[in-house]
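Subject: A structure for you to look at

Hello,

I am passing on a structure that you have not worked with before.

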Amino acid sequence: MSRVKIIAGNWKLNGNKALVDEFNHTFNQTTFEHVSVMIFPPALYVNEFNCEHLTIGVQNVSEQTSGAFTGELSVDMLNDMGITHTLIGHSERRDIYNETNELIAAKVAQAIAVNITPVLCIGESLETRNAGNVYQFIQSQLDSVIEVVGITGLAKCVIAYEPIWAIGTGVTASPEQAQEVHRFIRDYLGSIDEVVAESLSILYGGSVNAKTASELFVQPDIDGGLVGGASLKKEEFLTICHAANQRG
Ligand code: PGA
């Protein structure tokens with residue numbers, strides 16, 4: 001079955017107006033037939049993008065709708081400004097800002113209620129992997145969202161599997177390691193709803209770069225990538241987009 005292929009760049013707390021302009025310029029001249037290209041810049045820059053070939057999203061959203069929550073952005077504000085996608089539950093949000101599974105599920109519920117697509121990030125630490133608990137851990141991250149929004153709610157998400165030990169470390173998961181977990185995610189979701197499992201795009205994230213992209217994207221259950229560091233380098237990011245596009 002053919003699923004939507006996505007390459008998403010997560011700029012984190014990086015980038016500036018000049019980089020946005022570079023991306024506008026380059027991607028205005030480039031189209032990818034088989035891949036949807038997304039950028040998640042710091043929220044301040046979202047409306048500086050003016051390229052119809054790029055989908056622009058934010059890196060985080062509030063579980064609250066409005067009120068006295070200084071520093072937050074609501075899903076209604078995203079809608080108001082024409083933003084269609086948000087990352088939710090990135091491991092940096094979970095670890096540095098103490099976001100729990102419950103909070104993340106509440107954010108997913110907010111987003112899908114107004115047709116914003118969450119890119120729901122999940123993934124284990126090295127400690128969890130070494131203890132042999134990867135599947136159990138991933139399943140509990142998925143379950144906490146399914147409990148709140150159901151499998152039909154999860155069907156409205158894109159999933160990004162990002163092993164924490166591979167993020168920003170230069171250590172990409174091997175294609176086999178990544179495929180194994182992607183397969184587990186699809187099988188587990190398939191045990192609840194086969195159609196949803198087959199149609200969900202599951203991206204791999206964690207030190208994706210120009211060298212590792214092709215061999216990751218050739219894996220049957222890897223539907224693209226969530227790219228951090230390499231998404232700040234226009235040429236390398238383009239190479240990664242081409243690699244995914246070739247897989248059709
Ligand atoms: P990285 O980051 O590609 O720099 O490892 C990926 C991410 O955190 O989304």
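This is a predicted model: local features need pLDDT of at least 70, side-chain atom pairs count only at pLDDT 80 or more; totals for chains, interfaces and linings use all residues.

Residues are numbered from 1 along each chain as its sequence is written, and side-chain values use heavy atoms, with hydrogens and water left out.

Let me start inside. A nonpolar core here is a set of buried Ala, Val, Leu, Ile, Met, Phe, Trp, Tyr and Cys residues joined through side-chain atoms within 4.5 Å; buried means under 20% relative accessible area, exposed over 50%, and partly exposed in between (1.4 Å probe, protein chains only). The largest such core has 68 residues, and Phe27, Leu142, Leu154, Ile185, Leu189 and Phe217 touch the most other members. Helix H6 (residues 134-154) is the top contributor, with eight residues. Helices (H or I, at least four residues) and strands (E, at least two) are DSSP runs, numbered from the N terminus. Beyond its neighbours within four places in sequence, Ile185 has contacts (heavy atoms within 4.5 Å) with Ile122, Ile138, Leu142, Ile159, Tyr161 and Ile202. Another core lies apart from this one, with 11 residues, including Phe40 and Val158.

Next, the salt bridges, each a side-chain nitrogen of Lys or Arg within 4 Å of a carboxyl oxygen of Asp or Glu. The count comes to 16.

Arg3 itself is buried, at 11% relative accessibility. Its closest N and O atoms to Glu198 are 3.4 Å apart. Glu198 is partly exposed, at 30%. Arg3 also forms a salt bridge with Asp223, at 3.0 Å between the closest N and O atoms. Asp223 sits in the loop between helix H9 (213-217) and strand E8 (224-227), so this pair joins parts 220 residues apart in sequence. Asp223 is buried, with 1% relative accessibility.

Elsewhere, Lys234 forms a salt bridge with Glu22, with the closest N and O atoms 3.8 Å apart. Lys234 belongs to helix H10 (residues 234-246) and Glu22 to helix H1 (residues 17-28), so parts 212 residues apart in sequence are tied together.

Best wishes
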